[in-house]
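Opening the notebook on a new model today.

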Amino acid sequence: MKIALIGYGKMGHMIEQIALERGHEIVCKIDVNNQDDFDSPAFASADVAIEFTNPTAAYGNYLRAFAHNVKVVSGSTGWMKDHKADVEALCKDGKQTLFWASNFSIGVAIFSAVNKYLAKIMNQFPQYDVKMTETHHIHKLDAPSGTAITLAEDIIDNLDRKTSWKAGTTVWDDGHVDGTEDHKADELLVDSIRHDEVPGIHSIAYDSEADCITITHDAHSRKGFALGAVLAAEFTKDHKGLLTTSDLFKF
Ligand SMILES: NC(=O)C1=CN([C@@H]2O[C@H](COP(=O)(O)OP(=O)(O)OC[C@H]3O[C@@H](n4cnc5c(N)ncnc54)[C@H](OP(=O)(O)O)[C@@H]3O)[C@@H](O)[C@H]2O)C=CC1
Ligand SMILES: O=C(O)C1=N[C@H](C(=O)O)C[C@H](O)C1
């Protein structure tokens, strides 16, 4: 299939490599310096555009792709709080197509199922309090991570004693700490750590006086995210509307 890349940074490069290995053609690569290429015949010829940029650029990129009727697969995080409703309206009844996931790795899809199941079980055990910690590289622009927010929303949907999530502290490599651990009992605290070049670690801990149960997903590299994004693009070519990983990985 023909793929356009929007954003040619760490993820864009890895997606290109995996897409070529899987026999796809990269018809166009758009970065900050060649925005006019959105209006090129090469971009319009793409079956799907794969977008990995940043929290502020993502939504505008979707609009530019939709203007040329190009379907989008995107992993950019941090834009949902401002534009979730807009995107839902645009993709209603398959008018436009966006496959978005806060995390494309198969491992996180499995981890997410375990997270939901564990949260349900914990309704029977009020002695455990739950907390989440995510760790990423120091270049990351958003905190908490998109994956942490998705996992937190899944806990809130399944564990009666938590009704919302709250960003806790962000601890930096130099020891500097932003934010506060203050939170109400019904708020799920999500802490962040920004360290070196860590690709992404998400840990959920249920702590009681007697013991602690922790589940962790630890990405060894960005390869799993990139492979998932290419699998999503292959799926999106033949589907319409607002899509996500639960449409792709069914278990
Ligand atoms: N869902 C998932 O599985 C994953 C999601 N992510 C998310 O994907 C996003 C990108 O991550 P990553 O590749 O590591 O980040 P990078 O910073 O390495 O790459 C982003 C690229 O997008 C470019 N860019 C910025 N603005 C625009 C624009 N308007 N149009 C086109 N390109 C633009 C940047 O250029 P410049 O540097 O010049 O600004 C840079 O080359 C982040 O939001 C991250 O959270 C990351 C990994 C996995
Ligand atoms: O910025 C990153 O690198 C990552 N971002 C995503 C997120 O915010 O959850 C996914 C992954 O953890 C890497």
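**Conventions.** This is a predicted model, and I kept local features only at pLDDT of at least 70 and side-chain atom pairs only at pLDDT 80 or more, while totals for chains, interfaces and linings use all residues. Residues are numbered from 1 along each chain as its sequence is written, chains are lettered from A and ligands numbered from 1 in the order in which they are written, and side-chain values use heavy atoms, with hydrogens and water left out.

**Domains.** I looked up the division of the chain: domain 1 is 2-104 + 223-248 and domain 2 is 106-218, with bounds from an automatic or database domain assignment. Their centres, taken over C-alpha atoms, are 27 Å apart. I find 10 residues of domain 1 in contact with 11 residues of domain 2 (contact means heavy atoms within 4.5 Å).

**Ligand 1.** Which residues come nearest to ligand 1? Of the 23 around it, they are Lys10, Met11, Gln35, Thr77 and Phe104 (a residue is near if one of its heavy atoms lies within 4 Å). By class I get 9 nonpolar, 11 polar and 3 charged residues in this shell; Ala, Val, Leu, Ile, Met, Phe, Trp, Tyr, Cys and Pro count as nonpolar, Asp, Glu, Lys and Arg as charged, and the others, Gly among them, as polar.

Then I checked polar contacts (N or O pairs within 3.5 Å). Oxygen atoms of ligand 1 lie 2.7 Å from a polar side-chain atom of Thr77, 2.9 Å from a polar backbone atom of Met11 and 3.2 Å from a side-chain N or O atom of Asp31. The protein covers 77% of the 920 Å² of accessible area that ligand 1 has on its own (Shrake-Rupley method, 1.4 Å probe).

**Ligand 2.** The shell I listed for ligand 2 includes Thr77, Ser102, Asn103, His136, His137 and His202. Its classes are 2 nonpolar, 9 polar and 1 charged. Which domains supply the shell of ligand 2? Domain 1 and domain 2 each give at least three residues.

Lys140 has a side-chain N or O atom 2.7 Å from an oxygen atom of ligand 2, and for a polar backbone atom of Gly146 the distance to a ligand 2 oxygen is 2.8 Å. The protein covers 85% of the 320 Å² of accessible area that ligand 2 has on its own.

How values were computed
Polar contact = N/O pair within 3.5 Å; in protein donor to acceptor, adjacent residues only side chain to side chain.
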